[in-house]
Amino acid sequence: MADKSHMLMRRKERKEKEAAEMTKDAKEVKNDGKRAVDNGEVPSAEVVATNGTVANGQNGDFQLEPVELPPFEIIAGDRIDPFVFRFQFKNVEYSSGRNKTFLCYLVDKGNTADGLLRGCLEDEHTGSHAEEAFFTQCLSDYDSALKYTVTWYVSSSPCSACAAKIAEVLKTRKNIRLSIFAARLFEWEEAEIQIGLKALHTAGCKLRVMKPLDFSYTWDTFVENEEQPLNLWEDCKENYEYYHEKLADILE
């Protein structure tokens, strides 16, 4: 009974922090957009859509607006919009408005002429999630004779269903070595999520939380950054340490 009450209290605190985080992020994106306009740039419409916020009132404050999400659709590309990256990959504890997954990947097939493959996937609510789509779209020419070294940088760790599917792939395709670096842990308090992460670990997947250096690397490698450096948010290191501790507890 005590554990159940504690969980309910945690969920209540989570909702309150989500609302506060949404307001904070909306203001940050609003400021980013203003700076972009001042610099002669146009902020991506994707930013507004992913935040689920609208300008309202005489002072232009951002307020929450309910958004009905369609099913998932996979979008493949080479680079991510910088405004989208700052929002979707921000390692906040409560990921308000971040209801899609961005997956940046590197694939090394060993001694082949293909070289190092690089790209990004984004699920847009119609079909499979980005993690599952990676194996059907990016490894569609899978060859059991090759040795694959695959690295993912994802905006959040896999859901329980995706974790189970990835673990099954790794069990059947022994020649794939997968490392996943996640900006955030998706609903890590839920038992089925923890089971999924443990299954991934058992299947040989290297699971890590993104460090500040990893965010900078992802920015340099996968973002349309126009050769501008990434200015990390002030609590990036603190949030990394928070998620690192949670993941270590789950996998122990």
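Analyst: Exposed means over 50% relative accessible area, buried under 20% and partly exposed in between, with a 1.4 Å probe and protein chains only. This is a predicted model, in which local features need pLDDT of at least 70 and side-chain atom pairs count only at pLDDT 80 or more, while totals for chains, interfaces and linings use all residues. Residues are numbered from 1 along each chain as its sequence is written, and side-chain values use heavy atoms, without hydrogens or water.

User: Is Glu226 buried or exposed?

Analyst: Glu226 is exposed, because its relative accessible area is 62%. Glu226 lies in the loop between α7 (212-222) and α8 (236-251), and has a positive phi of about 50° although it is not a glycine.

User: And what is the phi of Glu187 near?

Analyst: Phi of Glu187 is near 45°, again a positive value in a residue other than glycine. Glu187 sits in the loop between β7 (176-182) and α6 (191-202) and is partly exposed at 31%.

User: Switching topic, how do α4 and α5 pack?

Analyst: Helix α4 (residues 130-138) and helix α5 (residues 160-172) pack at an angle of about 30°, with their axes 9 Å apart, and are therefore roughly parallel to each other (angles under 35 degrees). Helices here are DSSP runs of H or I with at least four residues, and strands are runs of E with at least two; axes are lines fitted to C-alpha atoms over the stretch in contact, with angles from 0 to 180 degrees between N-to-C directions.

User: Which residues meet there?

Analyst: Glu131, Glu132 and Phe135 in α4 meet Cys162, Lys165, Ile166 and Val169 in α5, where contact means heavy atoms within 4.5 Å.

Notes. Angles under 35 degrees count as roughly parallel, over 145 as roughly antiparallel, 65 to 115 as roughly perpendicular and the rest as oblique.
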